[in-house]
Structure formats: C-alpha cells, structure tokens
Amino acid sequence: MKKIGSDYQGDNQCTFTVWAPDKQRMLLQVVQPQPRTIEMQPQAEGYFFAEVSDLPPGSQYFFRPDDQESYPDPASRFQPLGVHGPSEVVDQAAYAWQDATWRGVPFPEVVLYELHVGTFTPEGTFEAIIPRLPELADMGINALEIMPVAQFPGQRNWGYDGVFPYAVQNSYGGPEGLKKLVDACHAAGIAVYLDVVYNHLGPEGNYLPDFGPYFTEKYCTPWGNALNFDDAYSDGVRDFFVGNALYWIEEFHMDGLRFDAIHTIFDQGAVSLWAYLYSKVHQLELKLGRTVTLIAESDLNSPHILKKPEAGGFGFTAQWLDDFHHSFYAVLDEKEGKKRYGDFGRMDQIAKAYTDGFVHSGEYVSFRKRRYGASSAGIPGDQFIAFMDNHDQAGNRLLGERLSSLIDTERLKVAAAALLLAPYVPMLFMGEEYAERAPFLYFIHHSEPELIKMVQEGRTKDFKSFNDGDEQVPPDPQEEQTFRDSILHWEERTQGKHDLIRRWYKTLIGLRREIPLLQNYCKNDIRVQVIDESGFVLFRQNDSGQEHLMAVLNLSGEDISFTVPAMEQTWNKILDSKEEQWLESSQPTPAVDHVYDKTLLTVTPWSVTVYQSES
C-alpha cells in the first residue's frame, strides 16, 4: 500500500504521491513560498510521484491532472484556506507526543461520550475541549467518540460533509490541535475514537472524481453514486480509504474508529473492504503494541458485522445498538415515541433488547415492509454500544430536541439507569449527563447558493413527509444562529435540574465501576421479567452465579407491584431514583433497606430501585 499525499521527510525534503489511473500527466504546482511547477513521474497502477527539495513545512500546492484545472490534493493533510484552497505540507513528526506509556482503556470498561467539536465549547476548537477533560474524567467518562473532523466547507458542519478525508478541519485547529487534544485525553485516562465517513463525500469541494474513478454507478446511495470499492480500478480506492484509517490510528494516536453507516458501503469482492481493513489494522496493532477498536454503525441488524473475517464476518469490535434506543424511546416519550418508532413500544421488546441485543431478528417489520434482521442472542454485550440519545436522534428532529427536552426529570433518571445498568458499553451524547437544554440542530456553511437552497428545500420536504404533511419549517441550516443555538450551556451543569441529573449519572457510572458483575457481558447471566406493559425487572449476576443485582424499573404513571422471586437471597437496596439522598455522593450509600424472597414490592411511577444481594 502506497503512502499517498504529501510526506515530509525532514530537511525541507518532501515527496508527493497521487492516484489518478485514467490520467496521462500530472503536474505539481507549488504556490508558496517559492512558486514552481514540477512534472510528476507516472508509476505502476495509476500513481504519480514527485520528490521535491527546498520545500519547508507550510508550503502550499495544487495538483494539475492532464493540463486541466488545478485542484487540491485528494489526500491533503491540511486545507488552511478551506476546501477550494491549496493543500499544505505538514511535518507530522514535529509534534512531541507525551503518551508513550499509553495503552488504552479495555473496551469492556469504556463509558463513551459522543462529542461534536464545534458545539461542545463556545470556541469550537480542539484545544478548548482540554480544560473540560478533568470534569469528564471525574464523571467516570473514559472515552470520547469525536464526530468527523475531516475538512468540510466553511466553519460549521456536523462533519458528514467532509471532502478531504486526510485533512483535519482548519476551523477546529488543524492537525496540531487534534494531536494536542488526543495527547491531553490520554494524560487524563481518556481514550479517543474518531468517527470516519467512507460511504460518501460532501457535495462541495469533492474533487476526487477529477482524479479518477473513485465513484461507481454500479450502486446508488442516499448521496448519489457509491464509492468504488469493487468495480474497475477499485484497488486504488480501497487503498485510499484503508490507508486513511491507518493514518488516524498511527499519526494521531487514535484508540479506535467509528465507521459511519456501513450498510451504504458496497463491496462484492472475494476479499471485502472490511476484511482488508481488518488485516491491515491488525498488522498496525502488532507494530504499535496496542489494541485498536473498530466500531460500526449498521442498519442491517446482522451478527456478521461482529464476526471475524475468517468466520465470514466484517471483523468489527462493536456496533451501535439502535434497537435499544428505539425500544425505550417508544415508551419514554408518550407523545411521539410510537409515532417515530411504530414497530417498537412493548415491554417484551425492551426485555429482548437486554437479553438478545437486536429486537428485530427476522420478524416482519412494518416500517421496512419485510422481514428484517437476524438473532444476536449469542453475541457478548461488550460488542454492542447502547445509548439513549446521539447526534442523529436529536439532530434529525425538526427542532433538534434532545431527550432531555422531550421528557421530564423522573423519566430521564429512569432512562439513565436503564442504560447504565445494561450489559452493554454505554454511550452518552455530549450534555446528556446534565440534561443539556440546547438543541442539536442541523447546520451547514456552504458557499454555493444553489447548494444551500437545495439543502434547505430537502430538509423541509423530508420533515413534511415525516410529520404527516405538517408545514412547519426547520431552522435554516445555513444561518449562523442555527449553529450557535446548538452550543452547550456547560455553565448550567451544576444548577438545579441539571445538577440533579449530573449527580445521578455520576452515581450510576460509579455503580458500574464498583460492582464487578455490572462488567459481566455474558448473555447467559442476564434475565428480564416483564411486569405487564408497565415495567420490568432486570436481573444481573456474575459469571459464577454467586453475586446478584436486581433493578426494578417502572415505566408507567401508576404504581406497579412485583413479588421478589425465591432465590435464597437477602437483597440490600443500594439506589432509589425517588430518594435524593442517594445522590449526595458519587458512590452508592450503604444499604438501609432489606428485601427477602417472596416480598411484595410496590414501585412508584417512573422510578427505578436497585438491589444487590448480600455477599
């Protein structure tokens, strides 16, 4: 696999490699500090190469294929002037890393925190995140999942309109800023996972088609033609994106990557893109002496995503578990839950989300108008990432409302407990831990008027269709205020309701750390007893069956009753969402209530009570 793009060698020496298999000629145009044009040399398999002297870091350049227009480097490391400007040479070795002893956080111990750089702080930069890391660590959060940072148009974007997969967003602080953040995270005991997008590029500044057949008409995606991973000339495309994954891991010390919507990536080759990626990442793991986590977002409900390639799978470490969210949201939000997720909303589905993972595992699904999914019952829980909110769930609502704006405090507490007591790796969406009130709206910053109009009209049409013809128009994504309205109110986290929720989350995360059986991800050690359509009891135990935990959750507006099963146990109450004295510390308070076999319990509306067996 060739190293593409610019590669600074030191002593003002730099090499350049670009893949353009259907081009006859390639010029390298240096625009500063000393303008010059250099003929690149053709190499095997469609590559062009040049080695240039007297070219310091910070030098800017374009490529010019076949005497056409000049374009930025498709594998540019930095676009200081944006997506239409020149690419810049970066000395990757110039940054002095301080994390030589870092070996990561074991994935089963991870508490993930999804974060958008631009709206996490008023400054919207990598370095502005750093002062907040100690508080996140104190909460028990030990891993960030950063939304995409590949260069996108303008200053404001979710990140999924990136068009330079190797270039770190200039407005966030560029490559050095990202390295500083990762280094600081590792110093604070926090792993970093980066969201990468290999299913499409954004609509503005995408110059890949000007260099070669990066896309194919063989498949169609929601964004147009698919990236070419199995058609003619696909070898170079596969190397471009697999090389990108390795680049983030090696050059930026990422602990892992999250791959966006892999169900829109198509490859029917004998060795799939994912098998190829898996093998290359494994080789890099051996070189680096650390484990790399690969996370998938998939709409397939297929256990093959998580199987090793030698077993016919894709080789991902874990995947997002959307069914967990959908099962709970359909019940938590009585106003809109069933409307948004009509195939969910039953207690037996919540039970299945805990015991199996995929709720839809071959049944007929009305939304899809077909049978959908396969069973994941045998897959350990630490291969799934569960959540109650994320950027999609909030951002794809008309007004960008978070769960904390849709349901009351008691339901939020139940939702948090349902997530953090689950046998899965939990993920919080930034601000969730203190019930952030700002929405997370969809925002862009394009420069082309027709494209802006198209995006605005498309969003309005989508919401009208979803909301049964409602004419309400979403906030203008191009307006700067739409972006600013989405910035967190971090200063409110210690006030009123926000502080209550913050302490509740901290207590629950503390339970995960303090009670070993909550780190047992074996499906055989999980049981759920449904209480009508009003609530359920979650039973967890350690692998020897000697230690037990029982959580009773009432997901209704009425009292429910539950008889403790005969398990020859004495149960100590360790947490009750209705008793705020449990929130005075980040650690569970010593037990004051005892429950025995066959005791009849009455559980108040929208509450959770947790019991632990006496050792």
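Biologist: Which residues lie nearest the centre of the largest cavity, and how many residues line it?

Modeller: In this predicted model, the lining of the largest cavity comprises 19 residues, and Pro148, Ala150, Pro165, Val196 and Val197 lie nearest its centre. Two or more lining residues come from each of strand S12 (164-168), strand S13 (191-196) and helix H5 (234-251). S13 has the largest share, with three residues.

Biologist: What makes this space a cavity, and what is its volume?

Modeller: A cavity is a set of points where a 1.4 Å probe fits but cannot get out. The search of the whole structure returned seven cavities of 30 Å³ or more.

Biologist: How is the lining of the largest cavity divided by class?

Modeller: Its lining has 13 nonpolar, four polar and two charged residues. Pro148, Ala150, Pro165, Val196 and Val197, which lie nearest the centre, are counted as nonpolar because Pro, Ala and Val belong to that class.

Biologist: What is the volume of the second largest cavity, and which helix gives the most to its lining?

Modeller: The volume of the second largest cavity is about 110 Å³. Among its lining residues are Met388, Asp389, Arg402, Glu432 and Tyr505. Helix H11 (403-406), helix H12 (409-420) and helix H15 (496-514) are the elements that give two or more residues, and H12 gives the most, with three. By class, this lining has eight nonpolar, one polar and three charged residues. Asp389, Arg402 and Glu432 belong to the lining, and they count as charged because Asp, Arg and Glu are placed in that class.

Biologist: What is known of the second largest pocket, and why is it called a pocket and not a cavity?

Modeller: It is called a pocket because a pocket is an open set of points, whereas a probe in a cavity cannot get out. The second largest pocket contains about 330 Å³ of space. Of its 16 lining residues, Met1, Gly243, Leu246, Tyr247 and Glu250 lie nearest the centre. H5 gives the most to this lining, with six residues, and helix H6 (273-288) also supplies at least two. The lining divides into six nonpolar, two polar and eight charged residues.

Biologist: Why is Arg258 called buried?

Modeller: Arg258 has a relative accessible area of 0%, and buried means under 20%, so the term applies. This residue is found in strand S16 (residues 256-259). Beyond its neighbours within four places in sequence, Arg258 is in contact with residues including Glu145, Asp195, Glu297, Trp320 and His391.

Biologist: Which residues have the most contacts inside the largest nonpolar core?

Modeller: Trp248 and Phe324 have the most contacts inside this core, which has 163 residues. H5 gives the most to this core, with nine residues. Trp248 touches residues including Val149, Pro165, Leu194, Val196 and Leu257, with those up to four places away in sequence not counted. Another core, of 16 residues, lies apart from the largest one and includes Phe107, Ala191, Tyr193 and Ala318.

How values were computed
Residues numbered from 1 in each chain as written. Predicted model: local features only at pLDDT ≥ 70, side-chain atom pairs only at ≥ 80, totals over all residues. Heavy atoms only, no water. 1 Å grid on protein atoms, 1.4 Å probe; cavity = no way out; pocket = protein on both sides within 12 Å on 5 of 7 lines; lining within 4 Å. Points joined across faces, edges and corners; volume = space filled by probe spheres on them. Helix = DSSP H or I, 4+ residues; strand = E, 2+ residues; numbered from the N terminus. Buried < 20%, exposed > 50% of the residue type's maximum accessible area, 1.4 Å probe, protein only. Contact = heavy atoms within 4.5 Å. Core = buried A, V, L, I, M, F, W, Y, C linked by side-chain atoms within 4.5 Å.
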